[in-house]
Amino acid sequence: MLISHKGFVYTLNVITFVKYSLFVYSINQKKQFKMKKITLLAFALLASVSSFAQKWSLDKAHAKMTFTVTHLLMSEVDGVFKSFDATITSSKEDFSDAVFDLTADLKQVTTNQEMRDGHLQKADMFDTEKFPTMTFKSTGITAAGPKKYKLTGNLTLKGVTKPVTLDLTLVGTGAARDGKKLVGFKATGTVKRTDFGVGAMPSAVVSEEVELRASGEFKAN
């Protein structure tokens with residue numbers, strides 16, 4: 001059967017359109033395949049990085065956290081956080097990329113004086129009915145000498161979050177009886193209690209500045 005010139009042109013256009021469609025489809029498939037490969041590679045890299053990050057848990061039997069204020073410009077009063085926990089996450093042996101997380105139970109604070117301890121729980125002090133915990137999460141760490149660092153992070157107390165900088169010392173490393181790695185750290189720093197709405201008394205009665213100290217052993221998970 002003979003095909004007219006118009007029919008031939010129409011058939012040719014259809015064939016050309018089909019070929020072009022297949023070509024475009026092929027290009028899109030290749031792009032999608034490449035995108036899938038890139039996505040899978042990205043996930044693989046993230047998994048690889050996180051797999052090298054070592055987590056450490058606090059050995060509470062060998063840990064201590066305290067604070068100190070000055071009373072009447074002449075004597076120091078110490079407080080002890082009886083219940084707290086902390087973790088470290090780091091992928092480097094020297095802990096130069098370490099991330100510290102800490103939570104303390106403010107209902108378990110003692111200054112070795114019952115009346116004063118009771119006052120600490122009140123609304124003008126820690127207000128533990130509304131804010132039972134204090135937290136710290138580090139946001140950065142920089143070297144400050146052999147085994148010494150400046151640790152920056154966010155301290156949250158009484159519903160207020162403020163940036164703080166702590167002096168951090170790597171006290172030592174070792175191994176537990178089960179062979180797991182151990183590391184000891186000490187951190188010190190100073191915060192202003194009124195920045196967090198703690199205590200309305202004048203600084204001549206209780207110092208504005210509060211010294212924080214924490215030390216402890218951490219065990220590799």
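Start at the largest pocket, whose lining residues divide into 17 nonpolar, three polar and two charged. Here Ala, Val, Leu, Ile, Met, Phe, Trp, Tyr, Cys and Pro count as nonpolar, Asp, Glu, Lys and Arg as charged, and the others, Gly among them, as polar.

Before selecting anything, note that this is a predicted model, in which local features need pLDDT of at least 70 and side-chain atom pairs count only at pLDDT 80 or more, while totals for chains, interfaces and linings use all residues. Residues are numbered from 1 along each chain as its sequence is written, and side-chain values use heavy atoms, with hydrogens and water left out.

**Stop 1: the pocket**

The largest pocket has a volume of about 480 Å³. Select Phe67, Val69, Leu120, Met125 and Val206, which are the closest to its centre of the 22 residues that line it. Next, colour the elements that give two or more residues to this lining: strand 1 (54–71), strand 2 (75–81), helix 2 (114–120), strand 7 (148–157) and strand 10 (209–220). Helices (H or I, at least four residues) and strands (E, at least two) are DSSP runs, numbered from the N terminus.

How are pockets and cavities found? On a 1 Å grid over the protein atoms alone, a cavity is a set of points where a 1.4 Å probe fits but cannot get out, and a pocket is an open set with protein on both sides within 12 Å along at least five of seven lines; lining residues have an atom within 4 Å of a point. Grid points are joined across faces, edges and corners, and a volume is the space filled by probe spheres set on the points.

**Stop 2: the cavity**

A search of the whole structure finds one cavity of 30 Å³ or more. The largest cavity holds about 370 Å³ of space. Select Met65, Leu102, Leu166, Ala187 and Ala214, which lie nearest its centre among its 28 lining residues. By class, this lining has 19 nonpolar, five polar and four charged residues.

Which strand gives the most to the lining of the largest cavity? Strand 10 does, with six residues. Among the other strands that supply at least two residues each are strand 3 (84–90), strand 4 (99–105), strand 8 (160–175) and strand 9 (181–192).

**Stop 3: the whole chain**

Zoom out and show the cartoon. The chain has two helices and ten strands, and from the N terminus on its elements run α-β-β-β-β-β-α-β-β-β-β-β. Buried residues make up 28% of the 221 residues; buried means under 20% relative accessible area, exposed over 50%, and partly exposed in between (1.4 Å probe, protein chains only). Among contacts between residues at least 6 apart in sequence, 54% join residues at least 24 apart, where contact means heavy atoms within 4.5 Å.

**Stop 4: strand 6**

Select Ser138, which lies in strand 6 (residues 133–145). Is Ser138 buried or exposed? Ser138 is buried, with a relative accessible area of 6%. Leaving out residues up to four places away in sequence, Ser138 touches Ala98, Val99, Phe100, Leu151, Thr152 and Gly153. A polar atom of the Ser138 side chain lies 2.8 Å from the backbone nitrogen of Phe100.

Now select Gly140, also in strand 6. Gly140 counts as partly exposed, because its relative accessibility is 23%. Neighbours within four places aside, Gly140 is in contact with Lys150, Leu151 and Thr152. Draw a C-alpha to C-alpha distance from Gly140 to Ala98: the two are 42 residues apart in sequence and 8.1 Å apart in space.

**Stop 5**

Select Leu106, in the loop between strand 4 and strand 5 (109–110). Leu106 is buried, with a relative accessible area of 0%. Its contacts beyond four places in sequence include Phe81, Gln121, Phe126, Phe131 and Leu157. The C-alpha atoms of Leu106 and Leu157 are separated by 9.4 Å, and the residues are 51 apart along the chain.

The last two selections concern the backbone angle phi. Most residues other than glycine have a negative phi. Leu73 has a positive phi of about 60° although it is not a glycine, and is found in the loop between strand 1 and strand 2. Leu73 is exposed, with a relative accessible area of 66%.

Lys158 also has a positive phi, of about 55°, and is not a glycine. Look for Lys158 in the loop between strand 7 and strand 8. Is Lys158 buried or exposed? Lys158 is buried, with a relative accessible area of 14%.

Notes. Polar contact = N/O pair within 3.5 Å; in protein donor to acceptor, adjacent residues only side chain to side chain.
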